[in-house]
Amino acid sequence: MRRLPIYFLIDISESMIGEPIQQVEEGLSTIIQALKTDPNAIETVWVSIIVFAGQAKTIVPLQEIINFYPPKFPIGSGTSLSKGLGHLMFELRKNIVKTTAEKKGDWKPIVFLFTDGVPTDETKTAILEWRQNWQRTSNMVAISFGEETDTNLLSELTENVLHFKNTDATAYKQFFKWVTDSIKTNSVSVENNSTGFELAKLDGETISKINLTKTKHLTPLVDNNFVVLAAKCQNTKRPYLIKYKKRIVSNNLGGLDINTLSYRLVGAFQVDNTYFELSDNSNIDIKVNTEELNGAPTCPCCGNQFAFAVCICGKLHCIGDEEISTCPWCGNQGTYGSGEGGFDVNRTQG
Ligand SMILES: [Zn+2]
Ligand SMILES: [Zn+2]
């Protein structure tokens, strides 16, 4: 039986923390459940999941869906699309069975790329390699989560660039049903020897094709749609992330419209130590002023009231009622008073 390999290449940068990553986790599990009950898919479809942040990693090696169990998704710092692509191409080279004179190889692999942000590193080399070696021999569908993705960059990888309006849980359900239907459609069409690659019908609302216009793209070092701060719990020593989302507020001052940029708290989320493993270690020093940040969370690990104390080492941790606090990053001991005005803190790449 010829295999139809499906690769999910998933952005797990910090901006995905919270609802997006949880929905992706559940979504992939529903996709697999649905495919397990589909007679065509169960015979041909093989699935692999690769994640990328500052580093890339295979969390599910290519396997039959019957043996597939949904993984837990880690989170990392940075959005290295080039490392993600590089890792994907490494997996493709390793796994794809080529057609020979004696034997029919795999069907053209399908890659679903999910990303919600802007790459934080140089992508030219990886994109060129993709175009030269894989663009014709595989089908990629690049899906932008939300509004802020660099879709022009994605269009260099594939003509299938889609926008997913990830507004609520229902939208996610519709989206993952669409992914499932697209996989089912292809598991049938490959068997019928049709050559084309087909996606399930788009509703034009939740999921739509992006009209690509020519604008140049930039490669910033940080994803400016979110501010994410990395912190550690003083009690449990576990890392957690504090996520803020961009908001532009228009004020009318004396007949003049003034737009001010600020960031609103989304929440604080526990992560595990794979966060450090999947992060870009280039130690880029990027700061944000606390005056731009609205809202302060409690510690998601131990429930301490303040998750936002800054040690002299520059790192963040939680504090509670204790007289003397110990920084879980550097071990420094000290007492905290509440600061006046804004101060700069280190932010992550997102
Ligand atoms: Zn804590
Ligand atoms: Zn410290």
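A: Helices (H or I, at least four residues) and strands (E, at least two) are DSSP runs, numbered from the N terminus. Lysine 165, for example, lies in the loop between strand S6 (161–164) and H6. The model is predicted: local features need pLDDT of at least 70, side-chain atom pairs count only at pLDDT 80 or more, and totals for chains, interfaces and linings use all residues. Residues are numbered from 1 along each chain as its sequence is written, and chains are lettered from A and ligands numbered from 1 in the order in which they are written.

Q: Is lysine 165 buried or exposed, or partly exposed?

A: A residue is buried if 20 or more other C-beta atoms, placed from the backbone, lie within 10 Å of its own, exposed if 12 or fewer, and partly exposed in between. Lysine 165 is partly exposed because 16 other C-beta atoms lie within 10 Å.

Q: Which residues does lysine 165 touch?

A: Two residues are in contact if their C-beta atoms, placed from the backbone, lie within 7 Å. Leaving aside residues up to four places away in sequence, lysine 165 touches Ala171 and Thr206. Lysine 165 and serine 144 are 21 residues apart in sequence, and their C-alpha atoms are 8.5 Å apart in space.

Q: At what angle do helix H3 and helix H4 pack?

A: Axes are lines fitted to C-alpha atoms, for helices over the stretch in contact, and angles run from 0 to 180 degrees between N-to-C directions. Helix H3 (residues 81–95) and helix H4 (residues 124–133) pack at about 30 degrees, with their axes 8 Å apart. The contact is made by Ser82, Leu85, Gly86 and Met89 of H3, together with Thr125, Ala126, Glu129, Trp130 and Asn133 of H4.

Q: Where does lysine 237 lie?

A: Lysine 237 is found in the loop between strand S8 (226–232) and strand S9 (239–253). Its phi is positive, about 65 degrees, although lysine 237 is not a glycine. Lysine 237 counts as partly exposed because it has 13 C-beta neighbours inside 10 Å.
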